[in-house]
Structures are given as C-alpha cells and as structure tokens.
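Open the model in your viewer and keep the selection panel at hand. The stops below say what to select next and what is there.

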Amino acid sequence: MAKAKQVPKWQRDPQGMRLRILEAAKAEFAAHGLAGARVDRIAAKAGANKRMLYYHVGKKDDLYLAVLEGAYEQIRVEERALDLEHLDPPRAIERLIDFTWNYFIRNPEFLALLNTENLAHARHLKRSTKVKSMHSPFVEMIRTVVRRGVDSGDFPVAVDPIQLYISIAALCFFYLSNSATLGVIFGRDLLSREARDERLAHMAALVLAALTGKSMAVFGKAKPARARAHVQQPA
C-alpha cells in the first residue's frame with residue numbers, strides 16, 4: 001500500500017501562518033515603506049520562506065495591500081465596539097475623539113502605513129474590493145450620532161459625518177506625525193503624558209464647541225472620556 005503523502009507543516013495551519021506573515025509584513029512596511037521593505041526579512045521574522053509567503057498571501061504588492069486592508073479592518077472593528085448609539089450625542093463624539101487619539105498613539109505603524117500609501121497616491125488601496133465596504137457602517141454610525149444630536153437640540157445643524165471624522169482624524173494625525181518637528185519649533189515635549197492629555201482635552205473642546213455652537217470654555221475643563229478603561233496610554 002502506497003505511503004500517504006505527508007503534508008508540509010506550513011500547510012497544516014494556513015491561517016496561523018498567514019497571520020504571522022501579515023504581522024511581520026506590517027512591521028516591515030511601517031518601518032521601511034513599500035520600496036524599502038524586504039520580503040526576505042518578512043519571511044524570516046514570520047518563520048517562513050519566500051515560497052510559503054507567496055503561497056499564503058502573494059507577491060510583495062499583494063502582501064502590502066493585505067496589510068493595508070488588515071490595518072483598516074482593525075480600527076473599524078474597534079470603532080464599531082465603542083457603543084456610541086447608547087451615549088448622548090456630545091458624549092459619543094467625545095468618546096470617538098478619545099478613541100481615535102489613543103488608537104493612533106497605540107498603533108504608530110498604522111500612521112506609518114497611511115503615510116506610505118498617501119505618498120503613493122493610494123495606488124494600492126484603489127485595488128481593494130474591501131475597504132469601502134468597511135467604512136460604510138462607520139460613517140452611518142457617526143451620521144446617526146449627529147442626527148440624534150440635532151433631534152435632541154445638542155447640535156444646531158447636521159454636519160457631514162465624513163467631514164466630521166476627517167476633521168477629528170486630522171487633529172490627531174497631524175499632531176502625532178509632526179510631533180518631532182513641532183517639538184523643536186515650539187520647544188515643547190509634545191509626547192509627554194501631560195502634553196498628550198492637554199492635546200486630547202483641547203481637541204474634544206474644539207470639536208464639541210464647533211458642533212454645539214457653545215464656547216470652548218464650556219468644555220475646556222471637562223476630563224476626556226476614556227474610550228476603553230483597560231487601555232493605558234504609553235508613558
């Protein structure tokens with residue numbers, strides 16, 4: 001009787017191997033960009049080889065796109081878990097700002113990937129068949145919060161949910177991605193705990209003042225809500 005063909009170990013756990021490859025690739029692309037990333041380093045860090053990498057994910061561009069899609073999926077999943085629909089509208093917006101800020105701080109590789117893809121004019125992201133569908137529920141979640149705010153009288157007008165999120169993300173992203181140069185220019189340690197807390201409070205007051213038509217002073221003393229009590233900011 002013919003001896004059964006032995007399945008290679010790397011084919012027995014395809015999902016596990018794929019996840020290890022994607023994690024290694026995320027770190028490599030974040031550190032070196034697409035042009036500087038090396039498939040050999042990714043394979044070695046994942047405990048794989050090029051053949052295994054190509055089998056589970058594909059060529060370098062395919063791997064990069066898979067990493068991008070995974071990065072967007074991760075943040076969208078966590079955003080959907082914020083339970084904004086059960087908070088009063090101003091509190092919901094405050095929680096969204098807090099989450100976005102702390103997510104960016106906890107995931108600097110996400111910001112690095114965004115920088116890389118923007119330099120490429122989103123050439124790879126345009127190939128994605130998943131990203132747009134990931135964002136639709138998130139936009140509707142913000143739209144619902146805004147509508148509730150208008151209905152409750154908290155917000156005088158209904159702002160575009162996409163514009164609102166872009167503004168929130170921009171307030172967070174620019175500060176963090178330019179903290180080195182801004183720190184030198186203004187002579188401040190912008191990433192100290194005190195500076196990060198001050199920035200978060202400022203952003204929350206700024207956005208809530210714009211949405212409610214009230215003075216920033218009304219919100220300036222409010223302590224930013226923690227989107228997740230178990231998440232600690234880095235020291």
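## Stop 1: the nonpolar core

Select Phe29, Leu63, Ile93, Phe104 and Phe110: these residues have the most contacts inside the largest nonpolar core, which has 69 residues. A nonpolar core here is a set of buried Ala, Val, Leu, Ile, Met, Phe, Trp, Tyr and Cys residues joined through side-chain atoms within 4.5 Å. Buried means under 20% relative accessible area, exposed over 50%, and partly exposed in between, with a 1.4 Å probe and protein chains only. In soluble globular proteins, nonpolar side chains tend to be buried together.

This is a predicted model, in which local features need pLDDT of at least 70 and side-chain atom pairs count only at pLDDT 80 or more, while totals for chains, interfaces and linings use all residues. Residues are numbered from 1 along each chain as its sequence is written, and side-chain values use heavy atoms, with hydrogens and water left out.

Stay on isoleucine 93 and show its surroundings. Not counting residues up to four places away in sequence, isoleucine 93 touches Val145, Phe155, Leu164, Val207, Leu208 and Leu211; contact means heavy atoms within 4.5 Å.

## Stop 2: the whole chain

Zoom out and colour by secondary structure. The protein chain has 12 helices and 0 strands. Helices (H or I, at least four residues) and strands (E, at least two) are DSSP runs, numbered from the N terminus. Of the 235 residues in the protein chain, 46% are buried. Among contacts in the protein chain with a separation of 6 or more, 70% are between residues 24 or more positions apart.

## Stop 3: glycine 149

Select glycine 149, which is found in helix 8. Is glycine 149 buried or exposed? Its relative accessible area is 0%, so glycine 149 is buried. Leaving aside neighbours within four places in sequence, glycine 149 is in contact with Pro89, Asp154 and Phe155.

## Stop 4: the largest pocket

Next select Tyr72, Arg76, His135, Tyr165 and Ile166, which lie nearest the centre of the largest pocket among its 22 lining residues. The volume of this pocket is about 550 Å³. On a 1 Å grid over the protein atoms alone, a pocket is an open set of points where a 1.4 Å probe fits, with protein on both sides within 12 Å along at least five of seven lines; lining residues have an atom within 4 Å of a point. Grid points are joined across faces, edges and corners, and the volume is the space filled by probe spheres set on the points.

Which helix gives the most to the lining of the largest pocket? Helix 9 does, with 7 residues. Helix 5, helix 7, helix 8 and helix 9 (161-177) each supply at least two lining residues. By class, the lining has 18 nonpolar, 2 polar and 2 charged residues, where Ala, Val, Leu, Ile, Met, Phe, Trp, Tyr, Cys and Pro count as nonpolar, Asp, Glu, Lys and Arg as charged, and the others, Gly among them, as polar.

## Stop 5: salt bridges

The whole structure has 9 salt bridges, each a side-chain nitrogen of Lys or Arg within 4 Å of a carboxyl oxygen of Asp or Glu.

- Select lysine 26 and glutamate 23: their closest N and O atoms are 3.6 Å apart. Both residues lie in helix 2 (residues 14-36), 3 residues apart, about one turn of the helix. Lysine 26 counts as buried because its relative accessibility is 14%.
- Select glutamate 28 and arginine 41, whose closest N and O atoms are 2.6 Å apart. This pair links distant parts of the chain, with glutamate 28 in helix 2 and arginine 41 in helix 3 (residues 39-46), 13 residues apart. Glutamate 28 counts as buried at 5% relative accessibility, whereas arginine 41 is partly exposed at 39%.

## Stop 6: two loop residues

Finish with aspartate 83, in the loop between helix 5 (60-80) and helix 6 (89-106). Its phi is near 60 degrees, a positive value in a residue other than glycine. Aspartate 83 counts as partly exposed, at 34% relative accessibility.

Then go to histidine 121, in the loop between helix 7 (108-119) and helix 8 (131-152). Phi of histidine 121 is near 60 degrees, again positive in a residue other than glycine. With a relative accessible area of 64%, histidine 121 is exposed.
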